[in-house]
Amino acid sequence: MHISPFIKDSKVNEVTLSFQVVPKINAVGRLCNMANVNNVVRYLLSEDPVEVSKLHKQIEEINDRRKKISDQMCNYAMNMVHPEDKVILIQSPGFHEGIIGLVAGKICATYDKPVIVGAQNVDGYKLSMRSPKGFHCMDFLGDFEEFSAIGGHEQAAGFSIDLEAFGRFVQYVKTKSANYSWKKQEESSILIDPSMICIEDIESLDALRPFGPAFKLPMFKMEHPKIKTYYDFQNHKHRRYTLDSGLTCMYFNQPLLNVKLSVNKIQAFEGQVQISEYQGRRQPNFMIEKINYE
């Protein structure tokens, strides 16, 4: 199968596939109204180099389009959020139903609350829900009886509702969220010093691979990081911190709320360690998943 053109790193593991391959394959399904999903199968199975190159380019273009639509929808959706809501629910006829799950995930990460995002069409509404750990989506939705289709698990759900039932669903969410109790499940992390993050120690984790949902890559916590400089790029979407020790800490898709918070108030970084490669040079990185503030 031809996955190598998607991969930039010389060493491939489950993280490489998750971040450099899977999103591009998924993009074709998310934007199936703009692309032929069968082309993914043709790309993976074809032995014709010319066809493989052509299909690879098409998939990359669709993924770039997915990124652009995602950014536009996220920016629009963020302006619709009422942060005081216990369960955030927003919808728009302008939303693309293949992207609503990504938008819900982004808002959930920003506000650390359950989020439902819907796209309206002529037949009704397609909705996607994402939640923090500890909040059970399917349990929360379980008492509503007018879904035309539903599926999901603890932290994610997708469902459809007819036009005439949507108002009742909005009221259901308001009523249920007012009385629904849940406790956020904090992930355990290993306290680590920046001086301990080196290529050799990161490579030692390879003996435990592959990591996955039932056997996760260890989460590390770096308390009171001594930040020398920081730099935002892609319109504040991502941030790079450089510590006094020289260690680079990357925060991709940082919540917009974090941009306004003072770096002097940072109490800890939580995330994972990774080796980055650029022009043949390898260096250790700390990949931030969460920042704790004082």
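Me: Which strands form the open sheet, and in what order?
Reply: In this predicted model, 7 strands make up an open sheet, ordered β6-β7-β11-β12-β10-β9-β8, and the pairing is mixed.

Me: Which strands are at the edges?
Reply: The edge strands are β6 (190-191) and β8 (227-233), each of which pairs on one side only.

Me: How do β7 and β11 pair?
Reply: Strand β7, residues 220-223, and strand β11, residues 266-278, pair in the antiparallel sense over 4 bridges. Within β11, E270 is the residue that stands opposite K221.

Me: Stepping back, how many helices and strands does the protein chain have?
Reply: The protein chain has 8 helices and 12 strands.

Me: What about the span of the chain along its principal axes?
Reply: The C-alpha trace spans about 60 × 55 × 35 Å along those axes. The radius of gyration is 21 Å, which agrees with the value near 19 Å that a compact globule of 294 residues would have.

Me: How much of it is buried?
Reply: Buried residues account for 42% of the 294 residues in the protein chain. The accessible surface comes to about 16600 Å², and 52% of that surface belongs to carbon and sulfur atoms.

Me: And what share of the contacts join residues at least 24 apart?
Reply: Counting contacts between residues at least 6 apart in sequence, 58% join residues at least 24 apart.

Me: Now the inside. Which residues touch the most other members of the largest nonpolar core?
Reply: That core has 31 residues, and those touching the most other members are M73, I88, F95, V103, I107, V115 and V117. The elements that each supply two or more residues to this core are α1 (14-30), α2 (38-45), α3 (49-78), β1 (88-92), α4 (100-111) and β2 (115-120).

Me: Which element gives the most?
Reply: Helix α3 does, with 9 residues in this core.

Me: Where is there another core?
Reply: Another core, of 22 residues, lies apart from the largest one; I192, V263, F286 and I291 are among its members.

Me: Back to I107, what does it touch?
Reply: Leaving aside residues up to four places away in sequence, I107 touches A77, M78, V81, I88, I90, D112, V115 and V117.

Me: D112 is on that list. Where is it placed?
Reply: D112 is in the loop between α4 and β2. The phi of D112 is positive, about 55°, although D112 is not a glycine.

Me: Is D112 buried or exposed, or in between?
Reply: D112 counts as partly exposed because its relative accessible area is 34%, which falls between the 20% limit for buried and the 50% limit for exposed.

Me: Which other residue has a positive phi near 55°?
Reply: N253 has a phi near 55°, and N253 is likewise a residue other than glycine. N253 is in the loop between β10 (248-251) and α8 (256-259). With a relative accessible area of 41%, N253 is partly exposed.

Me: Which peptide bond is cis?
Reply: The bond from R209 to P210 is cis, with omega near 5°. P210 is in the loop between α7 (199-204) and β7.

Me: Why is I161 called buried?
Reply: I161 is buried because its relative accessible area is 2%, and buried means under 20%.

Definitions and conventions: Residues numbered from 1 in each chain as written. Predicted model: local features only at pLDDT ≥ 70, side-chain atom pairs only at ≥ 80, totals over all residues. Heavy atoms only, no water. Core = buried A, V, L, I, M, F, W, Y, C linked by side-chain atoms within 4.5 Å. Buried < 20%, exposed > 50% of the residue type's maximum accessible area, 1.4 Å probe, protein only. Contact = heavy atoms within 4.5 Å. Pairing = 2+ DSSP bridges. Rg over C-alpha atoms; globule rule 2.2 N^0.38 Å. Areas by Shrake-Rupley, 256 points an atom, 1.4 Å probe, with all protein chains shown as cover.
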